[in-house]
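Work through these exercises with the structure open beside you. Try each task before you read its solution.

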Amino acid sequence: MRLRAKLLIGLSATLLIVAVVLVALAYRLTTKSFPQTTGIIELPSIRSEVKIYRDSYGVPHIFAESDYDAYFAVGYVHAQDRLWQMELIRRAGMGRLAEVLGAEALPIDRMFRTLRLSESAQKVSALLEGVVLNSMQAYADGISRFIADHKGRYPLELDMLDIQPEPWRIEHSTLVSRLMAWELNYGRWIDLVQGYVAEKIGIERAGDLYPDWPSHSPVIIPKELHNKKVALDDFPIIAADLLYRTTFGGGGRAGGSNAWAVTGARSTSGSALLANDPHLMLNAPARWYEIHLSAPGLNVYGVSIPGVPYVVIGRNEHIAWGVTNAMLDDTDFYIEQVDSLQHPTQYRVNNQWRPMRHHVDTILVKHGDPVILTSYYTHRGPVINRMEPAKSLSTNLISMRWTGHHITNDPATFYIINRASSWEEFEEGIKHFNAPAQNYVYADVKGNIGYRTGGSAPVRAGKGPTLPYPGWTDTYDWKGFIPFSQMPHILNPSSGYVATANNKIIDDPYPFYLSTYWEPDWRITRIVELLGGQEKMSLKDFERFQNDVVSPQARMLVPVILGAFDGIEIESREVRDALAYLRNWNFEMRRDDVATSVFHAFLLRALRNVFQDELGNDVMRLYDTLAMPPMRAITVQLLSERSLWFDDAKTEGRETKGEIIRRSMREGLELLRSHLGGELKEWRWGRMHQVEFEHIFGTNAMVKGMFNVGPFAVPGSYSTVNNGYFLLNNPFKNSVGPSTRLLFDLSTPDGSRAVTPPGQSGHAYHPHYDDQTTLWLNGGYRRVLLSRSLIEKANYELLILRPNE
């Protein structure tokens, strides 16, 4: 054999060995943290044996002999599957991301340290007592035990960032809840953007951009603030919040949720049915963790939040419940008069000076010097535009009052609800809930259904939308909270159903101001149509309802679009063909539909053509951060016969609505051609409207393929029950949607259906990391069991936790 051939063979063998070693090393790194799901683990902490069955999708069914052991096991399995996710959320809420992510995360740390979420969590934890305290401690013990026993076998992401998790404490669980309250807080976001828009175009025209803003409202911008450019000073917190949302899930905001229930008289099973699909950012790992927990006096199944021990949406043997965001206005801002903008020590209220509290923090930064942060506080809350280095740009100091800083025994809510057996016990749990306010939908085994608003709702001096107030008077301070007995609620309505899709909760004669931030009525309109369309319904019908993609918005607007071309000679064949698609459309936004693409491209251009000339690029970018207000506004304008917005301020002539509609159609088709190429008949919605479950590492092209799930074509849009929300400044990427779909039939404990994308596991490459994605994409569901006898016969994996005596 020639020397060259020998060298090539030797080199090939060496490369093969290196490749095998690298593959083996990569396999070891990615699988070493995979959870043990069979066999026996001996632990010193538990009191008696705990059995954990995992179904074919990795969902645990926990059977314990005591409360302590049950919640210890919940903490243990949460840590087994989601330790990386829990660690990241904990660090975010504490303002400790820069320690592991570097200086890029400093704005997020400054924001959450200024908000003092960690301090609020500690105060909530100090309120806990009795069984709630014991369950929270047991849960923390379970997580800490797992962390202590698995050094060297932590998830891949923790190794990549060189993170050694610290023991879990009770306040970390309450912190996770407060962080989710912040994420779902619409009030502060809309208030800030509304204020900025109002400063740009005037208070009267700003009302056109937020159509639910009552024209008769007695509270707009107080006279004392006229000509004060106050919203400009809010940008530090807006920028930090945008960075947080981009880092943790694509920059979107939750796009609402659906929940409904029907009485036994309206169901084919003769028992009440309930459906819920909360719409949150679609991430990897999943936002929810499915779990079934059984102990004396407890047999509950549903979805939990990693980091919190209780089932948040679910059912037990007696009741089922679901939630949607109540969209309450739970935040106000105040312009403070201070003795110094740079180093305030006092602020003025009612012509008297009060001391300004301050707190000095040190933020550790990976590969950088520590950063000192000084935060300031009034009696209302934190000063939110004084986060260095932005302080040098501030011309006013702005404080924030938020219900999330109200200290209540929130953990008791779900401890009680998980065990509730009646409407009265269910209500007792909701009494403890604070933020973010939720719409609770209820059903029970006796066929009853109900609705209740749960959460803290401020009592204000006025009844209307709230832009920044003058802080030098207490006129605009909150006057307490609406009493629980006077919060909206109903039991067994005559219609035989209750439904919520983040729509307006109650009519205007209600004596208190709740909000003007409701979602458009498109989803609730369609849900009511579906519920009213047949006398009796089954879970199969509910599956169809949750996957419905008919758009009431399109049904209203398409005749207006077509009408703009009546009597007009249309030279473009492409425009004629597009109008033919719209004319023959059934308003279903399917993946393979062309009319859906034409409609959305038209709307996107109409938004720009109607509003951008007067708002400008900067304001438009902020206005776009929530899709619902712009989409509601453009819908109202297109349906209006008279509107000043259609005139293009950049041209000399005066444009009409018809001209803007025709221009927007032409430009929309140009947009589709540039995106998709080819012919109009090929411009199917699913080619543009796609979902990718993004991991926090997913923006890095080198490792994106390891952690992200997708992209996949998806149906629906922001106006359909099957929510396919996308950001207007990032069309048409689906960033928010059904984070889980849950269906409950109270006729049997085993009458539940669920799907939670992308999967149960938080470990990349684990079989359960993305194994529910296909089901979810195709409108499929899994059957969920609660009966122990059926679970034991189901050939599930079994892990036994045994006391180490």
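The model is predicted: local features need pLDDT of at least 70, side-chain atom pairs count only at pLDDT 80 or more, and totals for chains, interfaces and linings use all residues. Residues are numbered from 1 along each chain as its sequence is written, and side-chain values use heavy atoms, with hydrogens and water left out.

**Exercise 1. Helices α2 and α6**

Task: Describe how α2 and α6 cross, and list the residues of α2 and α6 that make the contact.

Solution: 

Step 1. Find the elements. Helix α2 covers residues 67–94 and helix α6 covers residues 130–149. Helices (H or I, at least four residues) and strands (E, at least two) are DSSP runs, numbered from the N terminus.

Step 2. Take the axes. They come within 7 Å and cross at roughly 50°. Axes are lines fitted to C-alpha atoms, for helices over the stretch in contact, and angles run from 0 to 180 degrees between N-to-C directions.

Step 3. Name the arrangement. The angle makes α2 oblique to α6. Angles under 35 degrees count as roughly parallel, over 145 as roughly antiparallel, 65 to 115 as roughly perpendicular and the rest as oblique.

Step 4. The crossing of α2 and α6 is right-handed. A crossing is left-handed if the near helix is turned anticlockwise from the far one by less than a right angle, and right-handed if clockwise.

Step 5. List the contact (heavy atoms within 4.5 Å). From α2 come Tyr 68, Tyr 71, Phe 72, Val 74, Gly 75, Tyr 76, His 78, Ala 79, Gln 80, Leu 83 and Met 86. From α6 come Asn 134, Ser 135, Ala 138, Tyr 139, Asp 141, Gly 142, Ile 143, Arg 145, Phe 146 and Ile 147.

Step 6. Sort by class. The contact of α2 with α6 has 13 nonpolar, 6 polar and 2 charged residues. Ala, Val, Leu, Ile, Met, Phe, Trp, Tyr, Cys and Pro count as nonpolar, Asp, Glu, Lys and Arg as charged, and the others, Gly among them, as polar.

**Exercise 2. One glycine in the contact**

Task: Is Gly 142 buried or exposed? Which residues is Gly 142 in contact with, leaving aside its neighbours within four places in sequence?

Solution: 

Step 1. Gly 142 lies in helix α6.

Step 2. Check accessibility. Gly 142 has a relative accessible area of 0%, so it is buried. Buried means under 20% relative accessible area, exposed over 50%, partly exposed in between (1.4 Å probe, protein chains only).

Step 3. Read off the partners. Beyond those sequence neighbours, Gly 142 touches Phe 72, Gly 75 and Tyr 76.

**Exercise 3. Salt bridges**

Task: How many salt bridges does the count come to?

Solution: 

Step 1. Apply the rule: a side-chain nitrogen of Lys or Arg within 4 Å of a carboxyl oxygen of Asp or Glu. The count comes to 42 salt bridges.

Step 2. Take Asp 361 and Arg 113. Their closest N and O atoms are 3.7 Å apart. Asp 361 lies in strand β13 (residues 357–363) and Arg 113 in helix α4 (residues 106–115), so the pair ties together parts that are 248 residues apart in sequence. Asp 361 is buried at 12% relative accessibility. Arg 113 is buried too, at 11%.

Step 3. Take Asp 241 and Arg 245. Their salt bridge spans 3.4 Å, N to O. They sit 4 residues apart in helix α11 (residues 235–249), so about one helical turn separates them. Asp 241 is buried at 0%, and Arg 245 is buried at 1%.

Step 4. Take Arg 526 and Glu 529. Their side chains meet at 3.0 Å, N to O. They are 3 residues apart in helix α14 (residues 522–532), so about one helical turn lies between them. Arg 526 is buried at 15%, whereas Glu 529 is partly exposed at 31%.
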